[in-house]
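Colleague: I am new to reading models of this kind, and I would like to understand the words used for them. Could you take me through the terms one at a time and show how each is decided?

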Amino acid sequence: MAEFTMELNEEQREVRDWLHGFAADVIRPAAAEWDEREETPWPVIQEAAKVGIYSLDFYAQQYFDPTGLGIPMAMEELFWGDAGIALSIVGTGLAAVGVLANGTEEQIGTWIPQMYGDANDVKVAAFCSSEPDAGSDVASMRTRAVYDEAKDEWVLNGTKTWATNGGIANVHVVVAVVDAELGSKGHASFIVPPNTPGLSQGQKFKKHGIRASHTAEVVLEDVRVPGSCLLGGKEKLDERLARARERAKAGGERVKNAAMATFEASRPAVGAMAVGTARAAYEVALEYAKTREQFGRPIIDNQGVAFQLADMRTSVDAARLLVWRASWMAINGKPFTAAEGSQSKLFASETAKKVTAQALQILGGNGYTREYPVERMHRDAAIYTIFEGTSEIQRLVIARTVSGMSIR
Ligand SMILES: Cc1cc2nc3c(=O)[nH]c(=O)nc-3n(C[C@H](O)[C@H](O)[C@H](O)COP(=O)(O)OP(=O)(O)OC[C@H]3O[C@@H](n4cnc5c(N)ncnc54)[C@H](O)[C@@H]3O)c2cc1C
């Protein structure tokens, strides 16, 4: 186990500074344009691929940092640059993690490279779980996957929604129901390879924030994929379903869901994105407050403004510490006995919403215009309390975990 320290090591500092440079020089200057265009910033993704930020190698290196801080540090810097563009850069990683977590070595080797493409021909990937009637309530998912034994193919039918990169992805990872009686335990994940007939993009959503990130419906109509596209393989699925049926027969004792543990481990990454946006807005507000003069003095000379900045900075630092704690616990296999992953996501996302609103207020009229980045950051921040589990769902998870009660 890595020794606990509050300091980044030299290698981490180098990576952080390198990422910060990319965020400051490439992402931030492009942010307003791609927000207005509401399109995937392909040239920026390509630039990230050229320097090695948009790649599985980079993601894996950060992921396996033994301190656990590689991913949160990377997320904070990229999202400090701009949330919409950063999500376009890391969205593929979220789908890749789905394959890394559940796929066989062969599936990982086959599909992950196709998710990224290469620097001359970049591709993106999408993770499609949410449906119009199954957001927080994942168990009510309707998309079905039926096995056609004669052809060793799975046939997928249903409609996914709010999929980041949905429809424009080279590879889609789709979660579907294979046994409706088992609720969320009867779900499985499938790779839908490039250009598979039957998969199409439904509506592309016009959004409040993170507008450089593509979000769309994905329609699946008799989508046939080879048996080898079931993540983890059929044998493992059959074993898992048999165990779930046994448990259901034995009275459905509440088991610790493996997916739950995965969420606890991945939520800090979303918390880190929120820390990036919050820190960015705080920094703009601090600079502005020091230079904007009213009543013959900088506005920060008023405690009413200065104390807000003090609170903003304190919240950002507290959020980062919760994120780092949960990330360190995840890499060291510590049990999340108080849902520390959810805690970090809850606190960081609420912090981002609050701090960006405070920053907007400190910039006054300018904060309300698109002349300054805080207006965009304020819109972007609203996503963090919604995706990867809303704040209410995080509170539910924390309350259930600390109380041991089935709170509804
Ligand atoms: C920009 C964007 C990108 C996304 N990307 C992806 C993606 O790539 N892949 C993917 O699969 N999904 C994605 N999502 C979907 C996202 O994860 C869902 O929107 C989220 O899980 C919430 O589901 P919902 O929108 O259906 O809200 P609902 O579940 O309908 O919730 C509505 C409100 O009710 C509250 N609520 C619901 N149940 C309870 C409860 N039991 N107790 C208290 N309050 C409750 C919620 O907290 C919320 O405030 C994305 C969404 C957005 C907006």
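Colleague: What makes you say that R28 lies over the face of W80?

Modeller: A charge sits over a ring if NZ of Lys or CZ of Arg is within 6 Å of the ring centre and within 35 degrees of the ring normal. R28 is at 4.1 Å from the ring centre of W80 and is listed as lying over its face, and K234 lies over the face of Y147, at 4.9 Å from the ring centre. Please keep in mind that this is a predicted model, in which local features need pLDDT of at least 70 and side-chain atom pairs count only at pLDDT 80 or more, while totals for chains, interfaces and linings use all residues. Residues are numbered from 1 along each chain as its sequence is written, and side-chain values use heavy atoms, with hydrogens and water left out.

Colleague: Why is the pair of Y147 and W154 called tilted?

Modeller: Rings of Phe, Tyr and Trp (its six-membered ring) pair if their centres lie within 6.5 Å, and planes under 30 degrees apart count as stacked, over 60 as edge-to-face and the rest as tilted. The centres of Y147 and W154 are 4.9 Å apart and their planes are at 40°, so the pair is tilted. A search of the whole structure finds 7 aromatic pairs, and Y147, W154 and F190 form one aromatic cluster.

Colleague: How do you know whether W154 is buried or exposed?

Modeller: Buried means under 20% relative accessible area, exposed over 50%, and partly exposed in between (1.4 Å probe, protein chains only). W154 has a relative accessible area of 4%, so it is buried, whereas Y147, at 26%, counts as partly exposed.

Colleague: What makes a set of residues a nonpolar core?

Modeller: The set must consist of buried Ala, Val, Leu, Ile, Met, Phe, Trp, Tyr and Cys residues joined through side-chain atoms within 4.5 Å. The largest such core here has 106 residues, and those with the most contacts inside it are F79, I89, M115, F190 and Y384.
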